[in-house]
Amino acid sequence: EILTPEFEVYAKNIIKNAKTLCYKLEELWYKPMNWWTENHMILLDITKNWLTWKQAQEVLDKAWITLNMNMIPDDPRKPLDPSWIRFWTPAITTRWMWEKEMIKIAELMDKVFKNSDNEEKISEVRKEIKEMCEKFPVPGID
């Protein structure tokens, strides 16, 4: 599969999607550590938003957006409560989501972070995420 032209397009779009997501998050005043990313991973500093990684994970989980924590060198927070969260773009690229959807995902994440205590707003985001997943199903799964 890796040797096919389709995989090359897929791999390039993974990186393009990661860059688009980083740029949009930065535009929304978040601090990506690696906005220049050359791979699939995005690290985002959430300390300026007064959220711990666990709070960010819990509130995004409610909206059906998945992430995990990530330590970085000289992180002032404890190892099991770091300042950074990590996202990947391969799963959403596999669904054939492109830059337009990355911008939307960043906006939805921002909405969740800014309304972390508002169940109604989180429910609205969850509905939008569900609609995106229905519009872009995982290939090969019926």
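A crossing of two helices is called left-handed if the near helix is turned anticlockwise from the far one by less than a right angle, and right-handed if clockwise. In the predicted model described here, the crossing of α1 and α4 is right-handed. Because this is a predicted model, local features need pLDDT of at least 70 and side-chain atom pairs count only at pLDDT 80 or more, while totals for chains, interfaces and linings use all residues. Residues are numbered from 1 along each chain as its sequence is written, and side-chain values use heavy atoms, with hydrogens and water left out.

Helices (H or I, at least four residues) and strands (E, at least two) are DSSP runs, numbered from the N terminus. Axes are lines fitted to C-alpha atoms, for helices over the stretch in contact, and angles run from 0 to 180 degrees between N-to-C directions. On this basis α1 and α4 pack at an angle of about 40 degrees, and their axes are 8 Å apart. Angles under 35 degrees count as roughly parallel, over 145 as roughly antiparallel, 65 to 115 as roughly perpendicular and the rest as oblique; α1 and α4 are therefore oblique to each other. On the α1 side, the contact is made by Lys16, Asn17, Thr20, Leu21, Lys24 and Leu25, and α4 contributes Glu99, Met102, Ile103, Ile105, Ala106, Glu107 and Met109. Contact here means heavy atoms within 4.5 Å.

The strands come next. An open sheet is formed by 4 strands in the order β1-β2-β4-β3, with antiparallel pairing. Two strands pair if DSSP finds at least two bridges between them. Because β1 and β3 stand at the edges, each with a single partner strand, one side of each is left without a neighbour in the sheet. Strand β2 (residues 41-45) is joined to strand β4 (residues 84-88) by 5 bridges, and the two run antiparallel. In this pair, methionine 41 stands opposite tryptophan 88 of β4. Strand β3 (residues 68-70) pairs with β4 over 3 bridges, again in the antiparallel sense. Here asparagine 68 stands opposite arginine 86, and asparagine 70 has tryptophan 84 as its bridge partner. Helix α1 lies across β1 and β2, running at about 15 degrees to β2.

Buried means under 20% relative accessible area, exposed over 50%, and partly exposed in between (1.4 Å probe, protein chains only). The largest core has 33 residues, of which Leu44, Leu60, Ile85, Phe87, Ile105, Met109 and Phe113 touch the most other members. Two or more residues come from each of α1 (5-27), β2, α2 (53-62), β4, α4 and α5 (119-135). Helix α4 gives the most, with 7 residues. Residues up to four places away in sequence aside, leucine 44 touches Leu25, Tyr30, Lys31, Pro32, Ser83, Trp84, Ile85, Phe87, Met109 and Phe113. In soluble globular proteins, nonpolar side chains tend to be buried together.

Aspartate 110 lies in helix α4 (residues 99-114) and counts as buried because its relative accessible area is 8%. Beyond its neighbours within four places in sequence, aspartate 110 is in contact with Leu28 and Tyr30. Leucine 28, in the loop between α1 and β1, is itself buried at 18% relative accessibility. Leucine 28 and alanine 106 are 78 residues apart in sequence, yet their C-alpha atoms are 8.3 Å apart in space. Threonine 89, in the loop between β4 and α3 (90-94), is buried with a relative accessible area of 0%.

Tryptophan 29, in the loop between α1 and β1 (31-32), has a positive phi of about 80 degrees although it is not a glycine, and counts as exposed because its relative accessibility is 67%. Tryptophan 64, in the loop between α2 and β3, likewise has a positive phi, of about 70 degrees. Most residues other than glycine have a negative phi. Proline 73, in the loop between β3 and β4, is exposed, with a relative accessible area of 68%.

How values were computed
Core = buried A, V, L, I, M, F, W, Y, C linked by side-chain atoms within 4.5 Å.
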